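Colleague: I have a few quick things to ask about this one. Can you put it up?

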Amino acid sequence: MPAKRHSKASVAGQDGLLLLQSQALAQEEEAKAKQELLTRFLKDKLAKEQHSSTLNLHKLNVQWQAILREAKAKELRQDVEILSQTFARVMDCKDSAIESLVTDLEEAEEQHARALRSHLHNVDRLLQLQSCRLACLEEGYSAQLSALQSEFEAERTAILEQHKQESCYLRDVALTVEQNYNESDHEATLNFQSARDDIKNKSLQEKQYCRLQLNGKTAELWEQFRQAMQGFTEATEHQKIAFEVLKEKDQKSSREIEMQEKKLQKLQDLVAATKGQIVAHLRENEEQNEHLRMEKERALRQLQELKGKLNQARAKAHSNLARLTVQSGAALSTLQQVVEKGQRILRLAEMCRKLETEEEKVLPFYPSSLAEGEQRDAQRVFEETPTEPLAQAMRDYVGLERFWQRFNKVKLEEKALEQERATLRQRNRQLRALLRQYMEGISISQGVLVEPNPLLGAQHKSCGPRDSPCAHGDLAQGHQGATRPNSLDPVPSSSGRESPVTSPAQRGAWGHHRDRDCPEVP
């Protein structure tokens, strides 16, 4: 009995397990069926959504292209009108510029004629002044010439008188010397004659005595002498000739010696007289030497002082030269910098000239914004003599007035371009954001499906006019409960008119040219 109960319990447990397994299988099959049904439903719904999205996107593109064509045509018409007005204004400006240039040319010709007349008048005045000056100079020259002639005549008279005095003095001296010489010559002649008579008498006595002694020997020796003379004559014939020549020379020398002795005697007498004069002048010379010695000492002291002053002047000149050298070097470097700066300015001016527009080439200087009365007041104030140092310094830079005018114009244009650049950057950022939203709206992904679609959501700004026909319910059949996006507000352009904001990528895809007021978005 217990075995049967145990077997029945085990069979009942197995049946319960089988029942539970069958129920679990049935539930699993039912869940699979529901999952398949839900999957088919979601796929169908996704296909419908994709079909409706494609259809709505096509309708949106078609209507948006029509709106853009209308807006672009309107904008192009406005651009054509503005360009025609601009062209007319530019032509008027060029006509006025030509007229002003013709007027300036006539005024310049009149000024040239006035300047020429003034120049000729000034030349005539200068010629008259030059003739007056030459007459004055000629009169001065004549006066100076007469003064120099009178001075020359006076000096010549003084020199002639001094010459006469000195000539008289020299004649007196020569006469005195000649008298002294005659006296000494007479005394010397008397002494010579007395001595000569004594010598002559003595020689005669000796001659007679010798003649008496030598007469005997002379006869003996005469024969020997004749023989020796004959042999000697034969042997020394050529020496005799030479002796004759030397004898003549000896006679001449004797006469010259006598003459030189006479001159020597005269000179000795003159030396004796001169010694007396020298002795007389020595005392005077000593006094003069003492005076000259004192003068020399004083001159030496003055020389020392002058040397000291000269050394000081040399030191000062050397310091001035060194300072001048340093200053000249600094001036040369400064002038070199100025030259380099000028060359750089010329290069920049050439570059700027190449970048100038036609209007700037025709009208390089914009007209003044002051009224005629204000211009007259400014001209009158400008012509007044300045009293302040700064105003006096500014008058030296009057020639740069045109330069500062163009410089200020360029600065104003630069500031305007910077502001326009900042505006264009801001618009570029806005266009980037709109393009990003649009690209996120047209792309389909799991994240885009989860998040709200920016093209189908209400935005703060719109891309088209508020009263466009796209604002009505043509796209209500896309998603249930989804609303059509509002049109973007028109963004004012830099020219002052409103234009719809579109991305450059869309315009390139739809065949429209890019907006010239908006930079290209990468």
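Predicted model: local features only at pLDDT ≥ 70, side-chain atom pairs only at ≥ 80, totals over all residues.

Modeller: Val398 sits in the loop between helix 5 (389–394) and helix 6.

Colleague: Is Val398 buried, partly exposed or exposed?

Modeller: Val398 has a relative accessible area of 34%, so Val398 is partly exposed.

Colleague: How far apart are Val398 and Phe382, in sequence and in space?

Modeller: They are 16 residues apart in sequence, and their C-alpha atoms are 10.0 Å apart.

Colleague: Switching to rings. How many aromatic pairs does the rule count?

Modeller: The count is one aromatic pair. The ring centres of Trp404 and Phe407 are 5.8 Å apart and the planes are at 85°, so the pair is edge-to-face. The angle cut-off for that class is over 60 degrees.

Colleague: And where are Trp404 and Phe407 along the helix?

Modeller: Both are in helix 6 (residues 401–442). Trp404 and Phe407 are three residues apart there, so about one helical turn separates them.

Colleague: Which helix is Asp104 in?

Modeller: Asp104 belongs to helix 1, which covers residues 2–235.

Colleague: And why does Asp104 count as partly exposed?

Modeller: Because its relative accessibility is 43%, and partly exposed lies between the 20% limit for buried and the 50% limit for exposed.

Definitions and conventions: Residues numbered from 1 in each chain as written. Heavy atoms only, no water. Helix = DSSP H or I, 4+ residues; strand = E, 2+ residues; numbered from the N terminus. Buried < 20%, exposed > 50% of the residue type's maximum accessible area, 1.4 Å probe, protein only. Phe/Tyr/Trp six-rings, centres within 6.5 Å; stacked < 30°, edge-to-face > 60°.
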